[in-house]
Amino acid sequence: MSGGRLRARLRCSAFVFSPVFIVLLMSAGARAGALEDSAKVENEVVLYSSLNNEQIVTFVEAFRKKYPFIQPSFYRGTSERVLQRALTEAKVGRYAVDVFTSAGFQLELLKEAGLTQKFVPAESAAYDEGFKDPDGHWVNLHSLLNAMAYNTQLVRPGEAPKKYEDLLAPKWKGKLGVNAQDPEWYVNLQRRMGKDKAKNFLKALAAQQPALRDGHNIVAQLLAAGEFYAVSNTYAHIVGRIKGQGGPVQYVFDEPVITYIHPVALAKFAPHPNAGKLLIRFMLSSEGQKMLRDQGRIPGLREIDPKVFSLRQIKLQASDPRLAKEYAPAGEEMRAILGAK
């Protein structure tokens, strides 16, 4: 070993074992221990979540195994039902929930209603900007990527669209499918292109006489069945799953890829706040994110690759939950332009 390399290694070792570094490690360990001790006294944690039942049960069982002194329970519903349950309970002064997970739109409304609180777990440092609340109220738990896609039996790879604007070429007239029930996509196009350009794009897309459907799943399924040559907006993981099952489909990422977020947050009036913090940290940890990956979700933690594709080199555009109030008027305008009934 050269003298320079030896000196560098010794300097590194000196830092690792320096008093300052040891104090930092001891301090972090003490904080973690204090949190666990407080959670042990609380003895319980309650989760309201829009994850599917199997995913929640997997989380709950793994969390119970890791922290046997905490009894977890949960309510499972759609993001809208999670929102409405929390609002209804708050009106009558009932605060039973410790942790929320839902779509960004509904979680932002919970924040605006004063039902979440600031909590910045150490794990959030590994999450990209845009995928955590600037006020520290939430961190993205898992993602949904909105992508174009095409039928590989009807379209050659070299002829497939690469950008949204490619869908406006004459060859696609009468051959496209569009999910008309997707205001978040339209709002994010407005954010990317500017409102006037996004509106003109949508008008030009409508002139292509696309088939209109409501829902990302149905659009992807009909694409695989050959009803469309290509689609403008569906979920990439659905297309990836169909492709993995032998379906003739391929997703297309127009970067930065419009990405819907599903955050996790600590309830403002959590009856078991320390147990809630432990649960959030567990869900955001590599261990928790791998559980989501193994069940087909796209982890919020970029270093954990989804099953269907890698995102390490893909640029993402996080859908900002603060734009949620624009969804209703944007959805009405979108459907009017497309001629959806």
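Visitor: What makes up the protein chain in terms of helices and strands?

Guide: The protein chain has twelve helices and twelve strands, where helices (H or I, at least four residues) and strands (E, at least two) are DSSP runs numbered from the N terminus. Along its principal axes the C-alpha trace spans about 70 × 70 × 40 Å, and of the 341 residues, 51% count as buried.

Visitor: What is the mean pLDDT of the protein chain, and where does pLDDT stay under 50?

Guide: The mean pLDDT, the predictor's confidence in each residue from 0 to 100, is 91 for the protein chain, and 91% of its residues reach 70 or more. Over residues 5-18, however, pLDDT stays under 50, and the model has five contacts (heavy atoms within 4.5 Å) beyond four places in sequence for them. Residues 20-29 also have pLDDT below 50, with three contacts in the model beyond near neighbours in sequence. Where pLDDT is low, the predicted coordinates should not be read in detail.

Visitor: Why is Asp254 called buried?

Guide: Buried means under 20% relative accessible area, exposed over 50%, and partly exposed in between (1.4 Å probe, protein chains only); because Asp254 has 6% relative accessibility, it counts as buried. Asp254 lies in the loop between β9 (249-252) and β10 (257-267), and, leaving aside neighbours within four places in sequence, Asp254 is in contact with Met148, Lys162, Lys163, Tyr164 and Arg192.

Visitor: How do you know that the side chains of Asp254 and Lys163 make a polar contact?

Guide: A polar contact is a pair of N or O atoms within 3.5 Å; within protein, one must be able to donate a hydrogen and the other to accept it, and residues adjacent in sequence count only if both atoms are side-chain atoms. The contact joining the side chains of Asp254 and Lys163 is 3.3 Å, and a polar atom of the Asp254 side chain also lies 3.0 Å from the backbone nitrogen of Tyr164.

Visitor: What is the peptide bond from Glu255 to Pro256, and where does Pro256 lie?

Guide: That bond from Glu255 to Pro256 is cis, with omega near -5°, and Pro256 lies in the loop between β9 and β10.

Visitor: Why is Gln106 called buried?

Guide: Gln106 has 9% relative accessibility and therefore counts as buried. Gln106 has its place in helix α5 (residues 104-112), where its side chain makes a polar contact of 3.3 Å with the side chain of Glu80; not counting residues up to four places away in sequence, Gln106 touches Ser79, Glu80 and Leu83.

Visitor: Why is Gln295 called partly exposed?

Guide: The relative accessible area of Gln295 is 25%, and therefore Gln295 is partly exposed. Gln295 lies in the loop between α11 (286-294) and β11 (298-299), and its side chain makes a polar contact with that of Thr58 at 2.7 Å. Arg297 lies in the loop between α11 and β11 as well, and a polar contact of 3.1 Å joins the side chains of Arg297 and Gln55. Gln55 is also among the residues that Gln295 touches, not counting those up to four places away in sequence.

Visitor: What makes Asn43 and Gln209 worth a question about phi?

Guide: Asn43 has a positive phi of about 70° although it is not a glycine, and Gln209 has a positive phi of about 55° although it is not a glycine.

Technical notes
Residues numbered from 1 in each chain as written. Predicted model: local features only at pLDDT ≥ 70, side-chain atom pairs only at ≥ 80, totals over all residues. Heavy atoms only, no water.
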